[in-house]
Amino acid sequence: MDEWKKIEEPVDPNGQPPESVPPASTAVEEPPAVSHGEERWAEAVSYFETSGGEPRAEATPAPPPRKPRKKRSDAGVPRKKKPKPPEESAAGGEGEPAIHGQGLPEEELPAGPIVALEETGEVIHSSRYGRGGRRRGRHRYAAPLGLLVLLLAVVGVISLIVVGVNALRSQNDDTELRTQIMEFLDPVILYNPTAFSDVNNTQQDALLQAAVWRVTEKERIRQLRVKDESNTYEMDDLGRMIIPVKTIEESYAALFGPQAKPAHHTVGEPGTSIALEYDGDNGYYHVPISAIGGSSSSLYVPVLDTLKKKGDTLTARVGYVPAANIGIDEKGEEIPPTFNMATSIQNYTLKKNGSGWIITAIADEKK
């Protein structure tokens, strides 16, 4: 340091400043400008001297720049800290904590909705939150309505499934049709007619008796319903009903069609009480009481197997079970026979006729 002083303040050998040397100026001279390259070079030389020749460690890469934070919806709105709640609540109850926002002067509350934060005790002004601290949505009832729509959709799907299953069951369930066909075939099946392809080309007692049975059965049902034993038809000396031929023909047409004409004749020995006697001169049939209900009903019991429908034509497969083969249960009632108990089988061909059916053919089937 003394050497620098000697240079800055030259003196003579006697230690006195020479008179010819003007006093040094006190102004600080600015250092010469250094370029950027010279500055980097000086830093490198200084590091090399201080580090003893060790290479410089690689610089740590700078962290990536942070993304700018999203601007809050309540940015710029002044916030105020809520003072500690008093010992007593605004309602006046002792020991009850005060509700955020209550007990404050109106001038200290910010305008607009207020959110009370239980953790910090802050009162925040925001349009996204209600006074109770719950966040407000654009559609308040969206969730309940969505749940209701979902429940209705589930109920609708279940209803469609149920309707579809019931429709399939109704389509496959032919119970009503089977009952209708058996009631229609009963008069003919009772007498077990022989096979035919054209009803007008056959003359069978069974077909005529079937037409008579329909008339006598109808009369029997009428007597039961009105509880009157008097007969609609007149009675002859042998106790037989006198039924007009026209009534028998109408019954015959109901079974075999309007084009079918019965072959009128007497069934049994004429003049006896059990004969179905034809009186062509007077246009009557003398029908014995034994014909009511069918005299052959005790010989066979018909069992309907299958129904095959094609267009307006239907084929009914009927089996005949001998009455002697039908068992009796413990209560003394007949056990319903099954089709596999039948000893003979016939296929009845039926055709739709208005709201009913007519028989067009009967075919035997080998078992």
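Tutor: Helices and strands here are DSSP runs, numbered from the N terminus; a helix needs at least four residues. The model is predicted. A salt bridge is counted when a side-chain nitrogen of Lys or Arg lies within 4 Å of a carboxyl oxygen of Asp or Glu.

Student: How many salt bridges does this rule give?

Tutor: The count is six. One of them joins Glu217 to Arg220, with the closest N and O atoms 2.4 Å apart. Both residues belong to helix α5 (residues 205-226), where a spacing of three residues is about one turn of the helix.

Student: Is Glu217 buried or exposed?

Tutor: Glu217 counts as buried because its relative accessibility is 13%, under the 20% cut-off. Arg220, at 33%, is partly exposed.

Student: Which residue forms a salt bridge with Glu277?

Tutor: Its partner is Arg240, the closest N and O atoms being 3.1 Å apart. Glu277 lies in strand β6 (residues 277-279) and Arg240 in the loop between β4 (234-235) and β5 (241-244), so the pair ties together parts 37 residues apart in sequence. Arg240 is buried, with a relative accessible area of 5%. Asp236 joins Arg240 and Glu277 in a network of salt bridges.

Student: Where do Asp305 and Arg317 lie?

Tutor: These two form a salt bridge with closest N and O atoms 2.5 Å apart. Asp305 is in strand β8 (residues 300-310) and Arg317 in strand β9 (residues 313-322), 12 residues apart, so the pair links distant parts of the chain. Asp305 is partly exposed at 22% relative accessible area, and Arg317 is likewise partly exposed at 22%.

Terms used:
Residues are numbered from 1 along each chain as its sequence is written. This is a predicted model: local features need pLDDT of at least 70, side-chain atom pairs count only at pLDDT 80 or more; totals for chains, interfaces and linings use all residues. Side-chain values use heavy atoms; hydrogens and water are left out. Helices (H or I, at least four residues) and strands (E, at least two) are DSSP runs, numbered from the N terminus. Buried means under 20% relative accessible area, exposed over 50%, partly exposed in between (1.4 Å probe, protein chains only).
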